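Please read this briefing alongside the sequence and the coordinates. The points are grouped by topic.

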Amino acid sequence: MSYLELLKLAAPEAIVVVAALAVLTIGLTTARALVLGPIVAVLGVALAIGAVVMLPSHANLFGGMLVISPLNSLFKIICLALAIATVPLVSSEKALRNPGEYIAVLLLGSVGLMLLVGSEELLMIFIGLELLGLSLYVLAAFDKADVHSAEAGLKYFLFGSTASAFTLFGISLIYGMSGTTALAAIGQKLAGAPVQPLLAVGIVMTLIGFAFKIAAAPFHLWAPDAYQGAPIPSAAFIASGSKVASFVVLGKIVLVGFGPVHGSADWHAMIAGWSPVLAALAAFSILLGNFVALAQTNVRRLLAYSAVAHGGYTLLGVVAGGREGFSATLFYTSTYAVTLVGAFAVVGSVRRETGGDDLQNFSGLAARSPFLAACMAIFFLSLAGLPPLAGFFGKFYLFSAAFRAGANHGLLWLVAVALFGSFVSLYYYLIVLKVIFVDKKPESATAGNGPDFFSRITVTLLAAVVLVLGIMPQTLAAKIIASLP
Amino acid sequence: MIAWTIYITFAGAIVLLVLPRVFARWIALVTATAGFAVSLATFFCDDVDLAHFTTIARVPWVPALGMNYHLALDGISLTLLLVTGIAAISAVLFSWDVIDRANEFFFWLLLVVGGSYGVFLSADLFLLFLFYELVIVPKYFLIAIFGSTNKEYGAMKLTLYSFFGGALVFLGIIAVYVSGGSLDLNELAQFQFAPQLQSWAFPVLFLGFAVLAGIWPLHTWAPTGHVAAPTAGSMLLAGIVMKLGAYASLRVAMNLFPQGFQMWRTWIAVLAVIGIVYAAAVALRQRDLKFVIGYSSVSHMGFVLLGLATANVFGVSGAVLQMFSHGVIGALLFAVAGRMIYRRTHTRELDALAGMNLSRALPFAAFTFVVASAASMGIPGFSGFAAEITILIGAWKSYPLAVWITGAGMVLVAAFTLRALKRTFFDVDGESAAPSNASAARTDVKQMPAPPAQITSSPERSIHLEPITIPEKLGAGLLMFATLAVGLYPKFLLDRIQPAVEAMRFLK
């Protein structure tokens, strides 16, 4: 294994790092970083996507530290695409003082995403998590003039570092039990072994770190403040890319690494293992997220609680396990991420025009900007799971996978909870749409100049993706299924 | 060819968003008419086998999950396509005066219509569910933006009820899909589901769909929603949307789970009879004309459910005929109440209307309402009679007791219909001209600048109201023609419905 070969296989990551450095330089040298930075970043990431496409279809370096497989490549592309969609939002954040640095940190976070997705070894996964986490802490706290941003960053950092500590401790226990950090080898070692208390502690502690990343209740407490206080692009990135990568890795860890200690979450037939743990997290997240979201008056906070609930739905696929369950999870989390970036883009435009993102800032948006209103309707209705949008198919796929999984439909209880949750959720999504479409615009609202060119293009594309994935889900679902071994 | 009903309607909806507002109503009218023309052409000259659910389009959609874009047609679907077309055209005609945000209005309206066409034609369970849920949101916006009394509450209530039903259906469909291993309705109709599954999946699926059909005690969305909706909205709700639930109950729940149906059908009959009598009794006490009609819709849909519960050819065919009949009559009643009366007098309070001597001021409206009331009461010669008598013949074979109770219910129906008719149009003396204090609490009455009730308490003077316009006459004429035609010659539809019903599995 020569370093040249390593460089070839890690070319996408390298390209993104170079792009990050280039943007940093631009930020330091010119005053036009707000325009040039995003362009260079988008070009660099697009180049990295090209590099991912050029990679060989299979490779495995250093016992799983860097694995190239169709699945990993597909999700590297999805994560990079999400980063591309996030970057244009930066140009509409006029308050940011150092856009060059901001974009550079965003790109470094993307490298963290790629490392996470591209690794099947616990230590490397941990490094990816930390790289991602540190970038996100900075991104969340970036708006130094805004006290909410500082609060968001601090909360995110405190919760995140605690969760990381748990994960590291869990990983060390797993390593102690199995003598290896490669997922496949762990899976082999654990096969046939009973679930000892030590192993159970190790598994639960490892899962806590991921429950934090995907904001599953009761590890969600950072989410509302981070979503509400952080600068819009940071919040969008936390809600999208970070979540997708976390689900990919979580799925790999539990299905490959902890596969033998699956346990069972079937009603009346629960068996100890990780699946009852995740099932409980899922049910709790769905109920808590949806019910608390009902009471929110700030749209970003509402999105945060709905994210908790959606994390719960997505966990259903992991609990169901198997190829079908995992592919349903991956489909759902990808479409969810796209939807949420779009929703945040709209929120960003509204915030720029009206100076806030409370519900009343949205009133009469349909009259003010029919375009934004229509896109917001697409995003929110997809989140609610209504056809013909991506969320509808995603939910069907996810819930049918969960229903199929348990022996004698044992996961019916979880599916019922999820359906009940999605019924509750329609109310708060509709309330936002009601404010947008039905309420009259306040007298004080001035007709703004609308979203700028970049965010307009982004929002249009994202809405189109949500619609297309709803009408032709085959385009993504087939790729995901084909990429799973 | 019949698949074009769907494409034309959605294409029309999209065109509406692009073209300027002046064309909106014309585009909507052309679209609705084209959709109806396609179904009518199929009805008369196409050689599709209407006795079976015959495939007319089948394209792989998501092969990985066994989903197909699969459309099929039989006599039941075709009957419902016809009533959809009729209700759509008349709804557009009765919305001719919508000016504010007209594009949006007709866009949502056409989405409801298109989604309904889709439900009636789907032969793939996922596709059916997609169209079924597609209708929910347009309804919400149609009511919340363009409605009247308490519109946001009514719209939200209706939407949440629909979505609650949708969640139950979702669960049922997943159970069917996972156990039956397919989403194709024709394949599933051959599949033997385990009795244990049928015993719980049937009620979940049936109840989920029946929420939209206004089954007691989950019917309360219907009166509130109807009252809150704009005229065209109530016409579509009564004319089409309630049929979606009844149709899907028949096509999916009953046809796939015959054993579950046998287990539960007595309970369905009980709920249906309670619905018929209860809603009629409640209608008798309403002060708002639209509430009267809203409850009458629930009562009439009770007949549909009773017909379905009989599980014999007569009852079920009668139920399908009643879906058609109520679609037409309900739309007509709401058109009179919403467009002809409310738009002109700005009140629907029976007490306030009683003093206005509307039969002089609006003779055409009075004529239409008399026809609609007669049809609604089940006077022979109108479609309501043909449908209800068929249902009762069917019910006699299965549940004789239900027929007796329903008979009493029909007296109540006649009573509230006549009461509404008299109070609205023919209360010539001033006996009730003094509006009761209770009715003054209604917001609509408060908003009235000068209550016409005081001006016109004498029978000679009739207040000046805008005359009935030509689009209204056309729409009312179409609906009246439909109810009369089917009433005088029900065989026309029954000949196509009955073979299709006989082909269904739960009868065997």
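In which helix is the place of A:Met177? A:Met177 lies in helix α7 of chain A, residues 147-178; helices (H or I, at least four residues) and strands (E, at least two) are DSSP runs, numbered from the N terminus. This is a predicted model, in which local features need pLDDT of at least 70 and side-chain atom pairs count only at pLDDT 80 or more, while totals for chains, interfaces and linings use all residues. Residues are numbered from 1 along each chain as its sequence is written, and chains are lettered from A and ligands numbered from 1 in the order in which they are written.

**Surroundings of A:Met177**

- A:Met177 has 17 other C-beta atoms within 10 Å, so it is partly exposed. A residue is buried if 20 or more other C-beta atoms lie within 10 Å of its own, exposed if 12 or fewer, and partly exposed in between, with C-beta atoms placed from the backbone.
- Apart from neighbours within four places in sequence, A:Met177 is in contact with A:Leu198, A:Leu199 and A:Gly202 (contact: C-beta atoms, placed from the backbone, within 7 Å).
- A:Leu198 is 21 residues from A:Met177 along the chain, and their C-alpha atoms are separated by 8.2 Å.

**Helix α21 of chain A**

- In α21(A), residues 474-483, the buried residues are A:Leu476, A:Ala477 and A:Ile480. They line one face of the helix, because they fall within an arc of 95 degrees seen down its axis (the arc of the directions from the helix axis to the C-beta atoms).
- A:Thr475 and A:Ala482, on the other side of α21(A), are exposed.
- The cover over the buried residues of α21(A) includes β1 (54-62) of chain B as well as α4 (70-91), α15 (322-354) and α20 (453-471) of chain A.

**Hairpin of chain B**

- β1(B) and β2(B) run antiparallel and are joined by seven bridges (strands pair if DSSP finds at least two bridges between them).
- B:Thr55 has B:Ala72 of β2(B) as its bridge partner.
- Four residues lie between the two strands of this hairpin, and B:Gly66 in the turn has a positive phi of about 70 degrees.
- Strand β2(B), residues 67-73, is largely enclosed by the rest of the structure, because six of its seven residues are buried.

**Helix pair of chain B**

- The axes of α4(B) (residues 102-121) and α5(B) (residues 125-134) come within 8 Å and cross at roughly 155 degrees. The two helices are therefore roughly antiparallel (angles over 145 degrees).
- B:Gly115, B:Gly118 and B:Val119 of α4(B) make the contact with B:Leu128, B:Phe131, B:Tyr132 and B:Leu134 of α5(B).

How values were computed. Two residues are in contact if their C-beta atoms, placed from the backbone, lie within 7 Å. Axes are lines fitted to C-alpha atoms, for helices over the stretch in contact, and angles run from 0 to 180 degrees between N-to-C directions. Angles under 35 degrees count as roughly parallel, over 145 as roughly antiparallel, 65 to 115 as roughly perpendicular and the rest as oblique.
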